[in-house]
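Take a moment to turn the model around and follow the chain from one end to the other. Then come back here and we'll walk through it together.

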Amino acid sequence: METQRELGAPWRSGIQGARANLVPGIILQLAALALVLGFYNLPAIHGALFRLMAVRKTYGYALSVVTTALFGGFIPFLVLHFASRGIPDAAYSWAQGLGLTSFWAYKGFEIDFWYHLQALFFGNGHDPHTIVIKVFMDQLVYCPVLAVPMTTAVYELVDSHGNWRAVGADIRAPHWYLRKVLPILISNLGVWVPAVAVIYCLPTPLQLPLNNIVMCFYTLVVIHQTKSAARSAGPGGLAGQGGQT
């Protein structure tokens, strides 16, 4: 009975996270959709994004690394660092911020490579069939197999100030994937399935920039929710929140 309760907790945690992300997720999805519609229908937006696409083609993966480090790591770190003062164990140190920024720099290469790999196998079309295949591969293969487990482990490592032994022990402990990874996968589905569908409507060189914008604002939303939870809970109120961020 105890094991059943332990295995059921990730589902409950994930569903709670999905509910908390519902309204912010819809706002982010509508903003991303507006940008995509503007690209195909408004000359000014099309021209601006076309120039961005030219810059992306010129600098390639180097630009992917820099921009993802900025939007995925450094900006969220700065917000959490300064907004969480006075909340015990909430703010990351500058060393932790450097670690996160370095990780997201690598992720810039990985995500951009993934988008190009999908384009190589499934084409650059924007028809419903191609988009459905790419979303399926993204959310039901890439994320659960590689992206979310790796990100979860890295954030555990950062939260533990580089305690490899403790993180390794936690990963080897029973049900690590169910305890730590599954709640994030469930809570993110409502945000990222529609968002990724919109992202794949754009040409491949523009997919990473839109992903970075959505990711940055989504991370800031999660930070705000975590900070609010900590304030309402008082000292030690962030316990159990690490899996959501």
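**A helix with a bend**

Let's start in H5, which has a kink of about 75 degrees at Cys-143, shortly before the proline Pro-144. The bend at a residue is the angle between two axes, one fitted to the seven residues ending there and one to the seven starting there.

Residues are numbered from 1 along each chain as its sequence is written, and side-chain values use heavy atoms, with hydrogens and water left out.

What comes just after H5? There, His-161 takes a positive phi of about 60 degrees, although His-161 is not a glycine. Most residues other than glycine have a negative phi. His-161 sits in the loop between H5 and helix H6 (164-172), and it is exposed, with a relative accessible area of 62%. (Buried means under 20% relative accessible area, exposed over 50%, and partly exposed in between, using a 1.4 Å probe and protein chains only.) His-175 is another non-glycine with a positive phi, this time of about 65 degrees. His-175 lies in the loop between H6 and H7 and is partly exposed, at 35%.

Now zoom out. How many helices and strands does the chain have? It has eight helices and zero strands. Of its 245 residues, 43% count as buried.

Some of those buried residues form nonpolar cores, which are sets of buried Ala, Val, Leu, Ile, Met, Phe, Trp, Tyr and Cys residues joined through side-chain atoms within 4.5 Å. The largest core has 42 residues, and Tyr-92, Tyr-115, Trp-192, Tyr-200 and Leu-210 touch the most other members. H7 gives the largest share of this core, ten residues.

Pick out Tyr-115 and look around. Leaving aside neighbours within four places in sequence, Tyr-115 is in contact (heavy atoms within 4.5 Å) with residues including Asp-138, Tyr-200 and Leu-208. Asp-112, in helix H4, is buried, with a relative accessible area of 1%. Not counting residues up to four places away in sequence, Asp-112 touches Arg-56, Tyr-61, Ser-64 and Leu-208. Asp-112 and Pro-205 are 93 residues apart in sequence and 8.5 Å apart in space, C-alpha to C-alpha.

Finally, how far can you trust the picture? The predictor's confidence in each residue is the pLDDT, from 0 to 100. The chain has a mean pLDDT of 81, and 76% of its residues reach 70 or more. Confidence is lowest in H1, at a mean of 70, and highest in H4, at 94. Over residues 229-245 the pLDDT is below 50, and this stretch has 21 contacts in the model beyond near neighbours in sequence. Where pLDDT is low, the predicted coordinates should not be read in detail.

Technical notes
Predicted model: local features only at pLDDT ≥ 70, side-chain atom pairs only at ≥ 80, totals over all residues. Helix = DSSP H or I, 4+ residues; strand = E, 2+ residues; numbered from the N terminus.
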